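Subject: Structure handed over, with notes on what was found

Dear colleague,

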Amino acid sequence: MQAVKMVITGPFSAGKTQFIGSISEIDVVSTERKISSSAEQIKESTTVAMDFGRITVGDDLVLYLFGTPGQRRFDFMWDILSQGMLGFVVMVDSTKPETFREAKRVLETFESYAATPYVVAANKQDMEDAWEPEDLRIILRLRPEVKILPCVANDKESVKNVLLELLYSILEELDKAETA
């Protein structure tokens, strides 16, 4: 069985934990802790180390999903979690323009860790005030070849589509490496 490690990253409260929980076939291994800072009280808990989920794809492929913490004070985990990744997803909360700069910083940090394929998931596309993916492409200054995909993190089909696009990109890179 071949294993593919994918990292799900993004700013605080972008939907990473929900994304993994929507599709994992196992109970998600989570390091959620109650938020103590009043500045971050937009939700009750936050990831302090990582989330972990798994999906079996066919008879011979399994995806291991590692979710990163989004708060800067835990960003030392990003380098650790990126070790051995074959690709990553950058989650962006499409309804919070104040987080777009942080999303860009996260994206650039992960690009510096490894030359692996990645996609950007424009989360919360079911919300009325969500930015369109192509508008996010402009504000995040994404290259034309970077896939930016509409996403709703609590919808299994939506999450599956994002992961399949990343998987296709990973398999394409592996094929190029084998023929080179």
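Predicted model: local features only at pLDDT ≥ 70, side-chain atom pairs only at ≥ 80, totals over all residues.

Residues are numbered from 1 along each chain as its sequence is written, and side-chain values use heavy atoms, with hydrogens and water left out.

I begin with the strands. Helices (H or I, at least four residues) and strands (E, at least two) are DSSP runs numbered from the N terminus, and two strands are taken as paired if DSSP finds at least two bridges between them. Buried is used for under 20% relative accessible area, exposed for over 50%, and partly exposed for what lies in between, with a 1.4 Å probe and protein chains only. Strand β1 (residues 2-9) has six of its eight residues buried, so it is largely enclosed by the rest of the structure. Seven bridges join β1 in parallel to strand β4 (residues 61-67), and in that pairing V4 has L63 as its bridge partner. β1 is also joined, again in parallel, to strand β5 (residues 87-93) by four bridges, with I8 standing opposite V89.

The cores come next. A nonpolar core here is a set of buried Ala, Val, Leu, Ile, Met, Phe, Trp, Tyr and Cys residues joined through side-chain atoms within 4.5 Å. The largest one has 24 residues, and M6, F19, V89, M91 and L163 are those with the most contacts inside it. At least two residues of this core are supplied by each of β1, α1 (16-23), β4, β5, β6 and α5 (156-179), and the largest share, six residues, comes from α5. Contact means heavy atoms within 4.5 Å; leaving aside neighbours within four places in sequence, M6 is in contact with several residues, among them L63, F66, G87, L163 and I170. A second, separate core of 23 residues includes F110, Y118, A122 and L140. As background, nonpolar side chains tend to be buried together in soluble globular proteins.

Helix α3 (residues 100-113) has 14 residues and reaches 20 Å from its first C-alpha to its last, close to the 20 Å expected at 1.5 Å a residue, where the expected span is 1.5 Å times one less than the number of residues. Its buried residues are F100, E102, A103, V106, L107, T109 and F110, and they pack against β1, α2 (76-82), β5, β6 and α4.

T99 lies in the loop between β5 and α3 and is buried, at a relative accessible area of 14%. The side chain of T99 reaches the backbone oxygen of K96 at 2.7 Å; not counting residues up to four places away in sequence, T99 touches P11 and D93.

Turning to charged pairs, a salt bridge is a side-chain nitrogen of Lys or Arg within 4 Å of a carboxyl oxygen of Asp or Glu, and by this rule the count comes to 13. E102 forms one with R72, the closest N and O atoms being 2.9 Å apart; this pair links distant parts of the chain, with E102 in helix α3 and R72 in the loop between β4 and α2, 30 residues apart. E102 counts as buried at 15% relative accessibility. K124 forms a salt bridge with D93, with the closest N and O atoms 2.7 Å apart. Because K124 lies in the loop between β6 and α4 and D93 in strand β5, the pair ties together parts that are 31 residues apart in sequence. K124 is partly exposed at 24% relative accessible area, whereas D93 is buried at 2%. Salt bridges that share partners also join R72, D75, E102 and R105 into one network.

Lastly, E128, in the loop between β6 (118-123) and α4 (133-139), is exposed, with a relative accessible area of 86%. The C-alpha atoms of E128 and T95 are separated by 8.5 Å, although these residues are 33 residues apart along the chain.

With best regards

Notes:
Polar contact = N/O pair within 3.5 Å; in protein donor to acceptor, adjacent residues only side chain to side chain.
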